[in-house]
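Work through the exercises below with the model open. Try each task before you read its solution.

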Amino acid sequence: ARAKQQAGRKGLPAALDRVSAKPGYERALAAVLGRDAKAPLGAPEGKVEGRFWGGSQAPAALATSLVHHLGEVPEQLTARLALVHFAENDDGRALAPGEWLVTRDGALRRWDGFVARGEGAAEAARLEADNRFAELDAQVPTLRNAAERAEAAQAETQEALATLQRELVAMERTVNEAAEAERSALRAQDQAEARRERLAARRAELAEAGDDLSARVTQAEAEVAAAQDKLSQLPDPA
């Protein structure tokens, strides 16, 4: 949203839009710039009222200068930042004319005795947000690649799952067909068993009938023999 706002803004850019601090030094930079952080960079044309960073020849930066812990620094701000000592805590060191001292948490002391604490919280939050955005933006390609790989792996897994599901359906169909074949075989076996039992019963009936017929044949043969014997004993009809 800020990028769109800056792109659509006309006129000179504000100092806060062009300066950046390394992570952990945002509060120190915001304290040094103070209310001047919102002042535009560059000298306006004509006699325009307001506050501007016109720039000036910068002295040599101190060995402990805050400028060594910053990222992008517009040339209009180099003179302001060159003589600013940075320290984790204010050790009370003497400051030469024009020198400042600022701590990591934003406590400021100037050579003329001016002290400021707790200033520039909004500007510091803005700088911290910019750093956080840059950090996240740097992670985007790696995360996008990871997301693409994850999507590709998910697609492969989905395809493998679909294949397994199709195979499972085919296997279930085969199992169902085998179960139906088993049921048909069991029915055929039951029918064969029933037929075998009927045939066995019929065979037993036929065997019993055969025995009865054999007895009757034997009796008939005896009767025929007796009749022939009687016939032989009769006198000659002539």
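Helices (H or I, at least four residues) and strands (E, at least two) are DSSP runs, numbered from the N terminus. The model is predicted: local features need pLDDT of at least 70, side-chain atom pairs count only at pLDDT 80 or more, and totals for chains, interfaces and linings use all residues. Residues are numbered from 1 along each chain as its sequence is written, and side-chain values use heavy atoms, with hydrogens and water left out.

**Exercise 1. The overall shape**

Task: Find the order of helices and strands, then decide whether the chain is a compact globule or more spread out.

Solution. 
- Step 1. Count the elements: there are 5 helices and 4 strands.
- Step 2. Read them along the sequence. The pattern is α-α-α-α-β-β-β-β-α.
- Step 3. Compare the radius of gyration (over C-alpha atoms) with the globule rule (2.2 Å times the number of residues to the power 0.38). The chain has a radius of 56 Å, well over the 18 Å that the rule gives for 238 residues, so it is more spread out than a compact globule.
- Step 4. Check the principal axes. The C-alpha trace spans about 185 × 45 × 25 Å.
- Step 5. Check burial. Buried means under 20% relative accessible area, exposed over 50%, partly exposed in between (1.4 Å probe, protein chains only). Of the 238 residues, 23% count as buried.

**Exercise 2. The nonpolar core**

Task: Which residues of the largest nonpolar core touch the most other members?

Solution. 
- Step 1. A nonpolar core is a set of buried Ala, Val, Leu, Ile, Met, Phe, Trp, Tyr and Cys residues joined through side-chain atoms within 4.5 Å.
- Step 2. Of the 27 residues, Leu29, Val32, Leu33, Trp53, Leu66, Leu77 and Val102 touch the most others.
- Step 3. H3 gives the largest share, 6 residues.
- Step 4. Look around tryptophan 53. Contact means heavy atoms within 4.5 Å. Leaving aside neighbours within four places in sequence, tryptophan 53 has contacts that include Ala15, Leu33, Leu77 and Arg80.

**Exercise 3. Helix H3 and the glycine after it**

Task: How many residues of H3 are buried, and what covers them?

Solution. 
- Step 1. Count. In H3, 7 of the 8 residues are buried, so the helix is largely enclosed by the rest of the structure.
- Step 2. Name them: Glu26, Ala28, Leu29, Ala30, Ala31, Val32 and Leu33.
- Step 3. Find the cover. It includes H4 (78-82), S1, S2, S3 (108-110) and H5.
- Step 4. Glycine 34 follows H3 with a positive phi, near 60°. Glycine 34 lies in the loop between H3 and H4. With a relative accessible area of 18%, glycine 34 is buried.
- Step 5. Look across the sequence. Glycine 34 and glutamate 119 are 85 residues apart along the chain, yet their C-alpha atoms are separated by 6.7 Å.
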